[in-house]
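Dear colleague,

Please find below the structure that I am handing over to you, with its sequence. My notes on what was found in it follow.

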Amino acid sequence: MTDYFPPPAQDSPVAERPTEPADPSAAKTNKMPKVAFASFMGTVIEFYDFGIFGTAAALVFAHAFFPALGTYAGTVVAFATLGVAFVARPFGSILFGHFGDRLGRKRTLISTMCLMGTATVIIGLLPTAATAGVVAPILLIVLRVAQGLAAGGEWAGAALFTSENAPSDRRGFWSMFTNLGGAVANILALSTFFVTGLFMSNEAFIAWGWRVPFLLSIVLVTVGLYARFKLEESPIFANEVKRRGRSSLPFKDALANQWREILLGAGALVSSFAFGYIGIAYLINYGTATLHLSQHGVLAAGIVGNVVNGLAMISGAILSDRIGRRPVLLIVNMIGIPWALVLFPLLDTESPVAFWIGITVSFLIAGHGWGVCGSFLSELFHTRYRFTAAGLAYSLAAILGGGVPPLVAASIIGSHGGFVFGIFLAGYCLVGLACTVVLRETRSRALDELPPDIGFARADNN
């Protein structure tokens, strides 16, 4: 089978500023907690916003915004609004990737955080269909698009900002903090719904309690912006501008030079997204509406599952620094195939214990894949258009793996049963396995070097 990724180059030190310590590794290690925290907070906000939207879509939005459609159709449409953001993500990757590759990582990341946070707070203030009619769901969709655009730029910028600052031998570990923010965010999102539901009636929760998690995101945005304003620009990006200038059209350069890696990188990660977003969004609804488990028990299982998700990310990242990114992804996709076939028959026993096992193991698989993807996608692409290309690959994986399965799950399971949907999920794992086999290992690649088969003339330096 053809290997599309060029042979890895040897690590080479990044040019350091004169004011920094003589040992580049020491300099990088000293600043990494601050860099990792800033990236971590960005994805906390991104995934918190996505998490509370997914949970609200499962529990409330059918009643609040689509009551005329009935419970079943309203739930399907509510999950469709969840998918709208995934469709918007690639456009956000192109838009914010353009500015991230031309103007720098820091300023672009501040912009994506502001857009995401603002849209989320406004969702918490929206009128429902009972008071605003058709305007309410339209506004919800518009704000969801804004969230998707911001998310398309946020993840790639945060992940590569961390990876471009990290020492090469621990790049997997430090890059993991970008996605670890997602696990923490999901815990926060589920916890706010859990606590809110404990202290108010179901009627009050549906009437106004669901708004509280959205409004609380303003606290996260404030902390995240403070952390990002304190950062300096990525040294690898600054060095690239000095050496080869900026790309005039990063999107065009990315497609012209590495379109295969964009598709293969996305394909390698789709199964992790599928298991992760089934756990984040669909299983919450499935546990309450189909299995008739208690809402508090289902939310508690989701919280524990996301704790496992975070631990699995740490495990996957550490393993990737020791054995490589590719072996971890191969294992994730291979284990995912039998688990996909077992998952819904296990859940359909309607046992609370089975539900807890189902959601926990799904997150265990997803977490190992997510723990690798920050370093993996950063290493696949060149600095010149890395923001754009990594964002596109991640967004495509999010659409195919994170957006499609929760959207079609209810229809497939309702018509053909959970085992058939399991076959659908196993297909994602086979795609991920094939794409990972084609790609070569990226762990040893120096992020400030071009692969030997690609060169660029010096571009404009405006």
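The largest cavity holds about 50 Å³ of space. Please bear in mind that this is a predicted model. In total, the structure has five cavities of 30 Å³ or more.

Around the largest cavity, the lining is formed by Ala38, Ser39, Lys106, Leu109, Phe161, Arg228 and Leu231. Two or more of the lining residues come from each of helix H1 (24-59) and helix H4 (105-125). By class, the lining comprises four nonpolar residues, one polar residue and two charged residues.

I would next draw your attention to a pair of helices. Two packed helices are described by the angle between their axes and the distance between the axes. For helix H13 (residues 325-347) and helix H16 (residues 418-438), the axes come within 7 Å and cross at roughly 170 degrees. Because angles over 145 degrees count as roughly antiparallel, H13 and H16 are roughly antiparallel to each other. The contact of H13 with H16 involves 19 nonpolar residues, six polar residues and one charged residue.

Two residues of helix H9 may also be of interest. Thr222 is found in this helix, which spans residues 211-229. With a relative accessibility of 52%, Thr222 counts as exposed, since the threshold for that class is over 50%. The side chain of Thr222 reaches the backbone oxygen of Ile218 at 2.9 Å. Thr222 and Asp101 are 121 residues apart along the chain, and their C-alpha atoms are separated by 25 Å.

Arg211 also lies in helix H9. Its relative accessible area is 15%, so Arg211 is buried; the limit for that class is under 20%. The backbone oxygen of Leu126 is reached by the side chain of Arg211 at 2.5 Å.

Most residues other than glycine have a negative phi. His292, however, has a positive phi, near 60 degrees. His292 is located in the loop between helix H11 (250-290) and helix H12 (295-323), and is exposed, with a relative accessible area of 62%. Glu350 likewise has a positive phi, of about 65 degrees, although it is not a glycine. Glu350 sits in the loop between H13 and helix H14 (352-380). The relative accessible area of Glu350 is 44%, and this residue is therefore partly exposed.

With kind regards

Definitions and conventions:
Residues are numbered from 1 along each chain as its sequence is written. This is a predicted model: local features need pLDDT of at least 70, side-chain atom pairs count only at pLDDT 80 or more; totals for chains, interfaces and linings use all residues. Side-chain values use heavy atoms; hydrogens and water are left out. Axes are lines fitted to C-alpha atoms, for helices over the stretch in contact, and angles run from 0 to 180 degrees between N-to-C directions. Helices (H or I, at least four residues) and strands (E, at least two) are DSSP runs, numbered from the N terminus. Angles under 35 degrees count as roughly parallel, over 145 as roughly antiparallel, 65 to 115 as roughly perpendicular and the rest as oblique. Ala, Val, Leu, Ile, Met, Phe, Trp, Tyr, Cys and Pro count as nonpolar, Asp, Glu, Lys and Arg as charged, and the others, Gly among them, as polar. Buried means under 20% relative accessible area, exposed over 50%, partly exposed in between (1.4 Å probe, protein chains only). A polar contact is a pair of N or O atoms within 3.5 Å; within protein, one must be able to donate a hydrogen and the other to accept it, and residues adjacent in sequence count only if both atoms are side-chain atoms. On a 1 Å grid over the protein atoms alone, a cavity is a set of points where a 1.4 Å probe fits but cannot get out, and a pocket is an open set with protein on both sides within 12 Å along at least five of seven lines; lining residues have an atom within 4 Å of a point. Grid points are joined across faces, edges and corners, and a volume is the space filled by probe spheres set on the points.
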